[in-house]
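Subject: Handover of a structure and notes on it

Dear colleague,

Please find below the structure that I am passing on to you.

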Amino acid sequence: MSMKIPFFNQRQLNNSLQVSDQDTPEHIAIVMDGNGRWAKKRGLPRVAGHKEGVSTVFKIVKAAAKCNVKVLTLYTFSTENWKRPKSEVETILRLPKEFLHIYLPELISNNVRIEAIGDMDNLPAHTREAIQYAIQRTRDNDGLQLNFALNYGGRTEILNAMKKMFSDMNDSKMSLDELDEQRFSRYLYTADLPDPDLLIRTGGEKRLSNFLLWQLAYTEFWFTDVLWPDFSEKEFLQALDEFRNRKRRYGGI
Ligand code: IPE
Ligand code: IPE
Ligand code: MG
C-alpha cells in the first residue's frame, strides 16, 4: 500500500510563514493565461503549453491547500475559447480528464473537494463525465474546494440566473419585492460560495475576459507577466503577501 503524504503540516507552515489564517484569502480565483506563448517561446505547438500548464495546476492546488485557502476557482475554458482551432479546443477539453487521471487519488487523500462552474451540458461527454466522477468521489471531503470554471462565461451566467429567477417569479416562488443582491446571487453558479477575495491573472494581460463578472465586484486583483506553465508557489505566495498588505475599504474610509 502506498503511503499517504499530506500536502502540508499546519504547525510547520504557521511557524515558517508567521501569518494567521485571518490574513489569508478565503477564496482565490485564477485566470491561468499564457500557455500558448510559453509554447511559442520554445518553438513548440500551443498545445504543449496547455499540457505543461496541467502540472502547474497541481502545484498551485497544493500551495493553496497548504495556506488554508478554502476555495480555489480556476478559469479553465471560457465560453469564448470555442473560437480557437478545433484541434486546440479538443486538446484543452481533454486535459481535465488527464489531470484527474494523474492527480485524483492524491486530491482525494488530501481532502480536496472538486466542483465545477459553467455550462457543463455543452462540453464533450468525456470531459463532463471525468469532472462529474471527481465531484462525486470528493463530495464528502471538507478541505480545499477546487472549482473548475469550464465552458464558463460571466455574462451567460448572469443571463441564465435571470432566466431561472424570472421563471421562479412566474411560478410565484419569489416576488419582485424580495429581489436583492443576496437573493440574486443564489441563482449564479457560485450560489454557495463566498465572492473571491483575490484574483490572480498570469500571462501579462490585464483584463477579466468574462470571468466572474458579478462576483469580482470587490475582489483584490494581482497580475503577473509570468506565463501559467512557469507560475509557481513562489509567485503564489508573493500574491498572498501583497494581498495581506492591501486595505479593503468597500467604499468606506
Ligand atoms: C490560457 O492560455 C489557457 C486557456 C485559455 C485555455 P492561452 O492559450 O490563452 O495562452 P496565450 O494567452 O495564447 O499565451
Ligand atoms: C482567459 O484567457 C480564459 C482562460 C484562461 C480559460 P484568454 O486567453 O481566453 O483571454 P483573452 O482572449 O486574452 O482575453
Ligand atoms: Mg490567453
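**The largest pocket**

Twelve nonpolar, nine polar and nine charged residues make up the lining of the largest pocket. In this count Ala, Val, Leu, Ile, Met, Phe, Trp, Tyr, Cys and Pro are nonpolar, Asp, Glu, Lys and Arg are charged, and the others, Gly among them, are polar. Please note that the model is predicted: local features need pLDDT of at least 70 and side-chain atom pairs count only at pLDDT 80 or more, while totals for chains, interfaces and linings use all residues. Residues are numbered from 1 along each chain as its sequence is written, chains are lettered from A and ligands numbered from 1 in the order in which they are written, and side-chain values use heavy atoms, with hydrogens and water left out.

The space in the largest pocket comes to about 710 Å³. Of its 30 lining residues, Met32, Tyr75, Thr76, Asn81 and Arg84 are the closest to the centre. Two or more lining residues come from each of helix 2 (35-41), helix 3 (46-66), strand 2 (71-78) and helix 4 (86-109). Helix 3 gives the largest share, five residues. Helices (H or I, at least four residues) and strands (E, at least two) are DSSP runs, numbered from the N terminus.

The volume is the space filled by probe spheres set on the points, which are joined across faces, edges and corners.

**Annotated residues**

Under "active site", an unreviewed UniProt entry lists Asp33 and Asn81. They span 49 residues in sequence, yet no two of their C-alpha atoms are more than 12.0 Å apart, so they gather at one spot. Both Asp33 and Asn81 belong to the lining of the largest pocket. The unreviewed entry also gives a "binding site" annotation, which covers Asp33 and Glu220; of these residues, the pocket lining includes Asp33. UniProt positions follow the numbering used here, feature names are shortened, and annotations may be inferred rather than shown by experiment.

Is Asp33 buried or exposed? Aspartate 33 has a relative accessible area of 17% and is therefore buried (under 20%; exposed is over 50% and partly exposed in between, with a 1.4 Å probe and protein chains only). This residue lies in the loop between strand 1 (27-31) and helix 2.

Six strands form an open sheet in the order 3-4-2-1-5-6, with parallel pairing. Strand 3 (113-117) and strand 6 (220-223) each have a single partner strand, so one side of each is left without a neighbour in the sheet. Two strands pair if DSSP finds at least two bridges between them.

Strand 3 runs parallel to strand 4 (residues 145-152), joined to it by five bridges, and alanine 116 stands opposite phenylalanine 148 in strand 4. Four bridges pair strand 5 (residues 198-201) with strand 6 in the parallel sense; here arginine 201 stands opposite phenylalanine 223.

Yours sincerely

Definitions and conventions:
1 Å grid on protein atoms, 1.4 Å probe; cavity = no way out; pocket = protein on both sides within 12 Å on 5 of 7 lines; lining within 4 Å.
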